[in-house]
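Okay, thanks for coming, everyone. I'll keep this short, so let's get the structure up on the screen.

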Amino acid sequence: MVLGHEGVGIVQAVGPDVSVLNVGDRVGWGYNHSGCGHCLQCRTGWIGNCAESHRFGETELDQGSFGSHAVWKEEALFHIPEGMASVDAAPLMCAGITVFAPLILNNVKPLDCVGVIEIGGLGHLAIQMAAKMGCEVVAFSGTKAKRDEAIALGASHFYATKGVKELKVHRQINHLFVTTSVHPDWEMYLKIMAHHGSIYPLTMSTEPLLNPYLPFLLNNISFVGTTGGPFYLYRQILDFAAFHKIKPIVQEFPMTVDGVMDALNKLETGEMRYRGVLCAS
């Protein structure tokens with residue numbers, strides 16, 4: 001299996017039915033490859049929800065961004081804007097769309113207060129995007145180590161949570177993005193949610209989602225499942241990031257065996273800041 005589910009490359013050849021892309025175009029792609037093209041999900045852009053969808057890790061196992069070449073459907077490729085570096089564009093194709101989609105699809109408004117739990121591969125992008133949308137952004141992290149970085153990224157407020165039993169925030173949270181590697185203390189965070197607030201658990205976890213029932217029920221809190229978004233949002237995130245000069249914080253590695261092993265070791269030890277990008281020579 002070829003690894004790599006978000007990437008950027010140059011079109012080398014096109015088939016006879018390709019109508020938009022040309023040889024030499026710079027394009028990006030994410031983990032959704034294609035759908036049946038006929039169902040409601042496909043017709044509305046939600047290719048990943050198609051019952052016959054092809055996606056990374058399940059189909060086309062010989063196709064991945066760690067490879068030198070790949071064959072993709074035109075619908076799953078997106079022009080990279082002029083002036084945007086490929087190293088900055090690639091992480092937007094998965095990490096970026098994961099936080100951008102819920103911001104766009106769930107009626108987040110400039111008047112809202114957006115909370116982001118942890119400043120990492122997803123969180124550092126969520127802070128930038130919510131701030132550029134005009135929201136008041138509150139960042140939460142275990143210690144104060146990332147406070148200055150969170151503020152520089154666009155957060156208006158920062159709270160360290162390690163050892164804290166009760167959060168005392170200046171304002172209740174309308175939208176809470178959970179980007180930690182494990183589930184947080186749901187009871188602690190439900191107490192700071194605004195009525196009719198929404199929580200977006202973006203953690204990839206196989207653990208059950210257990211939360212206090214009455215605070216969730218009585219305050220009309222919504223837990224919103226989200227994994228990427230419709231294909232049109234990929235075009236929008238690239239334009240949005242280019243216009244607002246939103247960039248992921250990346251560490252670059254050569255696309256070699258040693259480069260891959262170095263990147264994976266840094267990921268394993270928690271040293272990655274914040275997206276590792278393999279760069280072909």
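Let's start with Phe231: its relative accessibility is 10%, so it counts as buried. Bear in mind that this is a predicted model.

So what does Phe231 pair with? Phe231 and Phe78 make an aromatic pair, edge-to-face, at 5.5 Å centre to centre with 80° between the planes. Phe78 sits in strand 5 and Phe231 in helix 8, so to speak two distant parts of the chain, 153 residues apart. Phe78 is buried as well, because its relative accessibility is 8% and the cut-off is under 20%. Searching the whole structure turns up 11 aromatic pairs. There's also an aromatic cluster made up of Trp186, Tyr213, Phe216 and Phe223.

Now, helix 3, residues 95–105. Here 9 of the 11 residues are buried, so the rest of the structure largely encloses this helix. Among the buried ones are Ile97, Val99, Phe100 and Leu103. And what covers them? The cover includes helix 4, strand 9, strand 10, helix 8 and strand 13.

Let me stay with helix 8 for a moment. Helix 3 packs against helix 8 at about 100°, and the axes are 10 Å apart. That angle makes the two helices roughly perpendicular. On the helix 3 side, the contact residues include Ile97, Phe100 and Ile104, and on the helix 8 side they include Leu233, Ile237 and Phe240. By type, the residues of this contact come out as 10 nonpolar, 2 polar and no charged.

How values were computed
Residues are numbered from 1 along each chain as its sequence is written. This is a predicted model: local features need pLDDT of at least 70, side-chain atom pairs count only at pLDDT 80 or more; totals for chains, interfaces and linings use all residues. Side-chain values use heavy atoms; hydrogens and water are left out. Buried means under 20% relative accessible area, exposed over 50%, partly exposed in between (1.4 Å probe, protein chains only). Helices (H or I, at least four residues) and strands (E, at least two) are DSSP runs, numbered from the N terminus. Contact means heavy atoms within 4.5 Å. Axes are lines fitted to C-alpha atoms, for helices over the stretch in contact, and angles run from 0 to 180 degrees between N-to-C directions. Angles under 35 degrees count as roughly parallel, over 145 as roughly antiparallel, 65 to 115 as roughly perpendicular and the rest as oblique. Ala, Val, Leu, Ile, Met, Phe, Trp, Tyr, Cys and Pro count as nonpolar, Asp, Glu, Lys and Arg as charged, and the others, Gly among them, as polar. Rings of Phe, Tyr and Trp (its six-membered ring) pair if their centres lie within 6.5 Å; planes under 30 degrees apart count as stacked, over 60 as edge-to-face and the rest as tilted.
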